[in-house]
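Colleague: I am new to this entry. Please show it and take me through how to read its features.

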Amino acid sequence: MSKTLTLNGQMISAREGESILDAARDAGVSIPTLCHMNGVGDVGACRMCLVELAGSGKLVPACTTKISEGMEVNSDTPQLREYRRMLVELIFSERNHVCAVCVANGNCELQDLAIHVGMDHVRYDYLYPAENVDVSHPMFGMDHNRCILCTRCVRTCDEIEGAHVWDITARGIKSHTITGLAEPWGEVNTCTSCGKCVMACPTGAIFKLGATVAEMEKDREKLAFLKNARERREWV
Amino acid sequence: MSKTILIDPVSRIEGHAKITIYLDETGAVNDARFHVTEFRGFEKFCEGRPVGEMPSLTARICGICPVSHLLASAKAGDDILSVRIPIAAQKLRRLMNLGQIVQSHALSFFHLSAPDFLLGFDSPPAQRNVFGLMSSQTDLARGGIRLRQFGQTIIELLGGRKIHPAWAVPGGVRSGIGDDEINQIRERLPESIAVAQQALQLYKTLLETYHEEASIFGNFPSLFMSLVGRDGAWEHYDGVLRMVDSAGKTLCDIEPHHYADTLGEAVEAWNYLKYPYYKPMGYPDGMYRVGPLARLNVCTHIGTPLADAELREFRQRVGVDGVVSSSFQYHYARLIEILAGLERIGLLLDDPDLRSTHLRAAAGINQTEGVGMSEAPRGTLIHHYQVDQHGLITHMNLIIATGQNNLAMNRTVKQIAQHYIRPAHQANVPEGMLNRIEAGIRAFDPCLSCSTHALGQMPLHVSVLDANGQVVHEKMR
Ligand code: SF4
Ligand code: SF4
Ligand code: FES
């Protein structure tokens with residue numbers, strides 16, 4: 001069933017059960033996202049896609065909020081723009097990304113977003129905790145300095161590959177991704193070395209071993225393709 | 001009353017340094033020191049990072065010679081992977097290093113040092129720079145700028161960009177070179193060779209003019225060290241690391257993995273540079289020089305016709321029994337190396353191996369220790385890494401050209417100061433004299449951002465002291 005709602009003053013129609021994000025994209029309006037990835041479920045981890053609901057003035061994540069009839073949504077207000085910029089700055093202040101020597105330099109969703117929101121400096125103090133790098137896996141590596149805790153790897157490995165190697169441990173600023181039961185990745189025997197999490201990761205946190213600066217290019221649509229093809233039984 | 005004269009900062013060298021001259025009671029020079037006050041912490045912060053990241057990380061030590069670090073680091077990485085890299089990768093790396101030597105030497109000679117030779121050491125400081133050179137020696141300055149661009153173009157065509165190309169990797173290189181690029185380089189070779197030859201001709205006409213400078217700008221016997229081909233030929237990327245004595249006789253060939261048995265590193269409280277020395281002779285007697293002058297003193301020949309002819313003339317004109325001891329002649333050596341580099345580039349361009357598409361050997365971590373050496377424009381560069389079983393850096397030591405020339409630079413400053421600064425000057429030393437001291441340092445083309453890569457303390461401040469510790473004079477420019 002089709003529903004009608006208002007997005008940035010324009011009437012648009014959307015399918016029942018659709019998220020605000022999908023409805024907006026169908027209508028040609030782009031909303032910045034970071035933890036959202038086509039092919040896996042949404043969790044609302046990054047808050048980049050926050051939109052404003054008219055009336056209440058409430059801010060909700062577009063990726064996890066379903067549309068409803070008569071809804072009035074604003075996705076681009078000065079306040080939202082400011083919040084998005086603050087969010088990106090907070091991410092950069094939290095860990096030391098060292099873009100200049102990153103495997104994903106130039107192919108990084110976080111970098112793209114920083115440019116998109118116009119981040120020219122970071123207003124917060126840098127925390128830069130000494131994070132470790134796990135290169136125990138024979139093919140891939142994980143650099144926690146560059147992880148933004150979007151959980152794409154967690155969802156990809158669980159929902160698409162079905163191996164559920166990744167998880168998040170602890171809370172708040174202490175949160176970390178872990179592999180297996182917080183073991184070195186190379187010792188987790190459920191990992192099939194399929195490489196899907198490498199592709200899913202929006203930054204250079206998960207990388208192919210031996211890759212050097214700006215060498216990681218990721219084809220994320222392949223993941224959505226795999227998932228859809230399987231669900232729609234396109235191969236049988 | 002003894003006085004101290006400081007020159008800070010030394011202009012037209014890369015990085016930040018200062019020179020202190022200690023006068024005795026009569027106003028004559030008692031001692032002189034060359035301090036480096038810049039601070040970089042590379043060896044420390046590379047710890048914990050994957051070895052594959054080192055070429056691009058360490059290339060950031062220096063904006064002037066990133067390629068040298070890139071190559072030494074990639075070679076240390078090759079060693080840790082225990083691979084013999086594909087032949088094309090090896091030759092492409094050589095090509096890039098030659099481009100680097102040409103561009104860096106061109107910068108040193110034409111942009112930084114030629115103003116002194118051609119406009120005179122006593123010419124007004126405001127004109128004694130590349131812009132002043134531009135207006136009085138337009139053709140030479142232009143040619144020099146184009147020569148530098150030529151070297152940079154090679155680096156850019158191979159690595160994708162001029163500065164910090166993350167192109168060499170443990171196991172090989174990331175991309176090859178096509179016919180278009182090869183032709184682009186080839187087209188500009190004749191012009192570049194002509195510029196190098198003109199500069200050499202001009203330099204030789206100045207040998208008389210600067211006879212006095214040449215005799216006291218770091219003119220003393222010392223050991224020399226550089227890579228050299230197994231047949232004795234001039235080398236910049238591979239071969240053996242050789243130490244020769246002041247008469248040019250081979251003292252030893254140094255095993256890369258055991259360099260620390262032969263090379264010691266002393267530390268002085270007043271300087272952030274480390275002081276490498278030849279261990280068997282102790283510190284500071286084991287002073288040795290690296291760089292263009294050392295390479296030409298260590299090799300038996302260059303292996304290309306134009307450069308070999310120049311090498312013979314060089315040894316006859318400014319050498320004693322074939323060994324050139326004056327640091328002033330680093331400039332001369334640099335010009336010959338530009339020519340040698342250009343000729344070798346020409347040979348490489350014709351090499352069919354260059355077009356091979358097999359560029360990178362794949363391997364895991366097979367050793368926990370690796371040493372990589374290359375000849376940077378300024379001298380031998382050593383990268384030494386220790387890694388854990390997964391290839392994360394646990395320890396790093398970098399031995400850099402300017403550090404190795406440190407002892408010789410100090411000797412040079414003292415020699416020049418003693419010659420030019422007379423008691424009659426009191427502390428008010430004429431500008432031209434100070435410029436000569438700077439020029440003595442600049443002959444080594446020191447790259448100070450590289451050589452102070454190690455963790456130290458913050459820079460010293462400027463002061464001129466007499467015997468009572470009173471500030472009496474400062475010279476800043
Ligand atoms: S490689 Fe595949 S199985 Fe292993 S952690 Fe990544 S997504 Fe999961
Ligand atoms: S490793 Fe990558 S995909 Fe996983 S949470 Fe961190 S940033 Fe997201
Ligand atoms: S994309 Fe919606 S919260 Fe991250």
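Colleague: Which helices of chain A each supply at least two residues of the shell around ligand 1?

Modeller: A helix is a DSSP run of H or I with at least four residues, a strand a run of E with at least two, both numbered from the N terminus. A residue is near a molecule if one of its heavy atoms lies within 4 Å of it. Here the helices are H4 (152–161) and H5 (196–200) of chain A. The shell of ligand 1 has 14 residues, with Cys157(A), Trp166(A), Cys191(A), Cys194(A) and Cys197(A) the closest.

Modeller: This is a predicted model, where local features need pLDDT of at least 70, side-chain atom pairs pLDDT 80 or more, and totals for chains, interfaces and linings use all residues. Residues are numbered from 1 along each chain as its sequence is written, chains are lettered from A and ligands numbered from 1 in the order written, and side-chain values use heavy atoms, without hydrogens and water.

Colleague: How do I read a sheet?

Modeller: Strands of a sheet pair through backbone hydrogen bonds, either parallel or antiparallel. Two strands count as paired if DSSP finds at least two bridges between them. In chain A, five strands form an open sheet with mixed pairing, in the order E2-E1-E5-E3-E4. Strands E2 (10–15) and E4 (59–61) of chain A are its edges, each pairing on one side only.

Colleague: In which sense do E3 and E5 of chain A pair?

Modeller: Strand E3 (residues 50–53) and strand E5 (residues 72–74) of chain A are antiparallel, over two bridges. Glu52(A) is opposite Asn74(A) in E5(A).
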